[in-house]
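Good morning, and thank you for coming.

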Amino acid sequence: SLVKVPVAAEVLAQRQAGTLSLDERITLSRSDFVDGAGSVNWHDPGTPISIRYLLEQMVTVSDNTATDMLINRVGLANVNARARAMVAASGGHPEQLGPISLLVGVRQGVYGQLHPQARQLGGLDFMALRQHGLGQRPAALARTLGVSPSSFAQPDYDSAFDAYEASGENVGTLRAYGDLLASLHHGGMDDLDREQRQTLREVMQRTRSGEQRLKRGMGREVTLAHKTGTQHRRSCDAGIATRDGVPAQHWVIVACSRGPLALSAHEQALTRVGEALHDSGVIN
């Protein structure tokens with residue numbers, strides 16, 4: 001879900017260019033639906049939804065359907081170019097970010113590690129698969145595809161996710177992502193001006209999906225414009241921190257954890273990272 005920041009940046013760059021308005025409405029179609037948090041999935045197909053609302057939902061509650069609608073509007077190639085430009089603007093190495101896909105493409109990629117026919121499934125298919133527990137999903141996928149589980153290339157969902165991660169899609173180094181975030185502070189891109197960057201940082205300050213992560217550990221005197229990411233056995237929190245009374249100082253923080261199945265274990269680990277930053281005096 002950290003890829004949603006460059007998606008938002010590209011939306012705002014196209015707003016600056018005059019090719020897009022936040023008041024423009026995009027019609028929700030059945031093919032847009034992706035599992036996950038957010039309220040866009042509560043709308044009926046055929047509902048026109050403003051880009052402003054989709055942007056807010058994508059960033060603040062990590063709505064996947066909103067994200068894919070916005071990617072389709074601004075163009076996936078443009079989103080990838082934006083991410084690379086943001087890293088480069090901070091003097092970083094764009095090659096340290098893997099290619100970004102639609103979020104339904106993540107599901108197609110993961111389940112496609114089990115069986116290649118899964119790459120042809122749509123968002124509603126993956127929403128149905130998610131109704132099953134992790135241990136039951138391979139069997140449910142086999143029924144959906146009409147194949148035998150013995151034909152699967154991976155023994156279980158854990159292995160499929162690891163194999164997808166190893167493909168390099170939607171992955172990157174923490175440093176590269178930090179460089180991407182830093183560009184929202186110092187700029188360096190003529191087609192994403194100060195007004196657009198400030199708009200995005202303000203939306204990121206309204207993020208509601210990470211109250212139990214870095215923010216909890218760093219304390220109330222720190223303001224964090226951030227984006228969280230949550231996937232199978234993996235969680236992240238990344239943003240730009242400022243401290244009350246020290247407006248001229250900004251800190252970019254990117255932290256991720258992996259391993260446990262329970263989300264609470266990841267959030268506790270990220271809280272401890274925030275506590276360590278607070279106790280170290282780095283942010284003061």
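This is a predicted model: local features need pLDDT of at least 70, side-chain atom pairs count only at pLDDT 80 or more; totals for chains, interfaces and linings use all residues.

The residues lining the second largest pocket divide into three nonpolar, six polar and two charged. In this count Ala, Val, Leu, Ile, Met, Phe, Trp, Tyr, Cys and Pro are nonpolar, Asp, Glu, Lys and Arg are charged, and the others, Gly among them, are polar. Residues are numbered from 1 along each chain as its sequence is written, and side-chain values use heavy atoms, with hydrogens and water left out.

A pocket here is an open set of points on a 1 Å grid over the protein atoms alone, where a 1.4 Å probe fits, with protein on both sides within 12 Å along at least five of seven lines; lining residues have an atom within 4 Å of a point. The volume of the second largest pocket is about 200 Å³, taken as the space filled by probe spheres set on the points, which are joined across faces, edges and corners. Two or more lining residues come from each of α10 (194–205), β3 (222–231) and β4 (234–243). Helices (H or I, at least four residues) and strands (E, at least two) are DSSP runs, numbered from the N terminus. The largest share of the lining, four residues, belongs to α10.

Let us turn to the strands. An open sheet of three strands runs in the order β3-β4-β5, with antiparallel pairing; strands pair if DSSP finds at least two bridges between them. Its edge strands are β3 and β5 (246–258), each pairing on one side only. Between β3 and β4 there are 10 bridges, and these two strands form a hairpin with two residues between them. In the turn, Arg 233 has a positive phi of about 60°.

Gly 229 stands opposite Cys 236 in β4. Which residue does Cys 236 join through a disulfide? The partner is Cys 256, with an S to S distance of 2.0 Å; the criterion for a disulfide is a pair of cysteine sulfur atoms within 2.5 Å. Cys 236 lies in β4 and Cys 256 in β5, so the pair ties together parts that are 20 residues apart in sequence. Cys 236 is buried at 14% relative accessible area, whereas Cys 256, at 36%, is partly exposed; buried means under 20%, exposed over 50%, and partly exposed in between (1.4 Å probe, protein chains only).
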